[in-house]
Amino acid sequence: MIDARRLRTLRAVADHRTVTAAAAALYLTPSAVSQQLAALEQETGHTLLVRDGRGVRLTAAGEILLGHADAVLAQLERAEADLAAYSSGAAGEVTVAAFATGIAMVLAPAIAALAGTDPGLRVKALDAEGDASLPMLLDGRADIAVAVEYRGAPRPDDRRLTRLALYAEPFDAVLPLGHPLAAGTGPVAVAELAAEPWIGPYPGNPCHDVVLLACENAGFQPRLVHSSDDFSAVTALASAGAGVALVPRSALRGTDLGRVAVRPVDSALATRKVFAATRAGAEFHPLIRPVLHALADAAAHLDRPAVQRT
């Protein structure tokens with residue numbers, strides 16, 4: 001008989017590639033993780049992991065078992081959801097990991113709505129960058145992730161997750177007032193900014209990926225001179241004439257735009273796609289389901305920020 005807890009351990013090691021990192025994610029000691037993996041190998045009669053440099057990798061048998069593990073763990077989530085529904089699930093806490101703008105755009109309105117419709121439901125918000133919330137979800141540190149598409153993200157057909165599309169928002173060009181394109185009308189062609197110094201997020205930030213993708217599609221690699229994950233800082237640098245930037249439209253809310261020009265761009269790739277995700281099967285949980293509905297409703301009623309021009 002295979003112990004489901006050990007399947008979770010196998011999944012964590014597959015995700016994090018080292019026993020130490022998997023142990024930290026599972027709040028266990030490395031020795032406890034190693035013992036669970038050894039027991040799982042004894043239960044299955046197969047070697048599941050081998051050393052690979054400083055980490056580990058799955059053997060062919062480990063990959064086969066991991067595929068079944070994802071299905072088993074999803075079914076266990078559904079079982080917990082059904083049991084919670086049976087016992088009414090009228091009160092409890094749901095943890096949502098979301099990036100800052102996602103909190104402002106959909107999570108905060110969802111919490112306000114749930115206070116009236118589901119007073120026994122407590123939502124705990126965790127501020128996490130767009131590429132951090134999904135690992136937190138898969139590690140069990142969050143029940144829902146509000147995330148964005150990015151390179152290296154789990155694929156939409158990943159069997160570990162259930163996704164709910166929320167909204168998509170464009171990026172706008174932020175230009176110094178003295179820039180030749182600042183006074184124009186209509187969308188800016190991204191290719192026209194190829195020779196400019198750029199200001200943008202650090203690599204690893206999903207918005208960095210969007211900027212790169214839009215520029216690559218326009219035929220160039222942006223020359224990133226200044227880096228910041230704070231869009232108010234990005235805008236301030238642009239206002240000082242330090243370079244140009246592409247910024248998610250909602251991130252410009254509340255930012256001083258008095259000394260920059262904000263223009264739409266001609267690239268459909270310059271778009272941030274935002275979605276909510278749960279572990280597969282958990283979407284039926286009576287506490288998680290209303291939070292997902294509230295997030296979707298908040299997204300459907302978004303007051304889309306308009307482009308602000310100087």
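Me: Is T9 buried or exposed?
Reply: T9 is buried in this predicted model, with a relative accessible area of 2%. Buried means under 20% relative accessible area and exposed over 50%, with partly exposed in between (1.4 Å probe, protein chains only).

Me: Where is T9 found?
Reply: T9 is found in helix α1, which covers 4-16. Helices here are DSSP runs (H or I, at least four residues), as are strands (E, at least two), numbered from the N terminus.

Me: And what does T9 touch?
Reply: L26, V33, Q36 and L37, leaving out residues up to four places away in sequence. Contact means heavy atoms within 4.5 Å.

Me: OK, α2 next. At what angle do α2 and α3 pack?
Reply: Helix α2 (residues 19-26) and helix α3 (residues 30-44) pack at about 105°, with their axes 8 Å apart. Axes are lines fitted to C-alpha atoms, for helices over the stretch in contact, and angles run from 0 to 180 degrees between N-to-C directions. The two helices are therefore roughly perpendicular (65 to 115 degrees; under 35 is roughly parallel, over 145 roughly antiparallel, the rest oblique).

Me: Which residues make that contact?
Reply: V19, T20 and A23 from α2, with P30, V33, S34 and L37 from α3. They divide into 5 nonpolar, 2 polar and no charged. Nonpolar covers Ala, Val, Leu, Ile, Met, Phe, Trp, Tyr, Cys and Pro, charged covers Asp, Glu, Lys and Arg, and the others, Gly among them, are polar.

Me: Which residues in α2 are buried?
Reply: V19, A22, A23 and A25. They sit on the same side of α2, because they cover an arc of only 160° around the axis (taken from the directions from the helix axis to the C-beta atoms). These buried residues pack against α1 and α3, while T20 and A24 are exposed on the other side.

Me: What follows α2?
Reply: Y27, whose phi is positive, near 60°.

Me: Zooming out, what are the domains?
Reply: Domain 1 is 4-83, domain 2 is 90-167 + 272-303 and domain 3 is 169-271. Those bounds come from an automatic or database domain assignment. The centres of domains 1 and 2, taken over C-alpha atoms, are 25 Å apart.

Methods
Residues numbered from 1 in each chain as written. Predicted model: local features only at pLDDT ≥ 70, side-chain atom pairs only at ≥ 80, totals over all residues. Heavy atoms only, no water.
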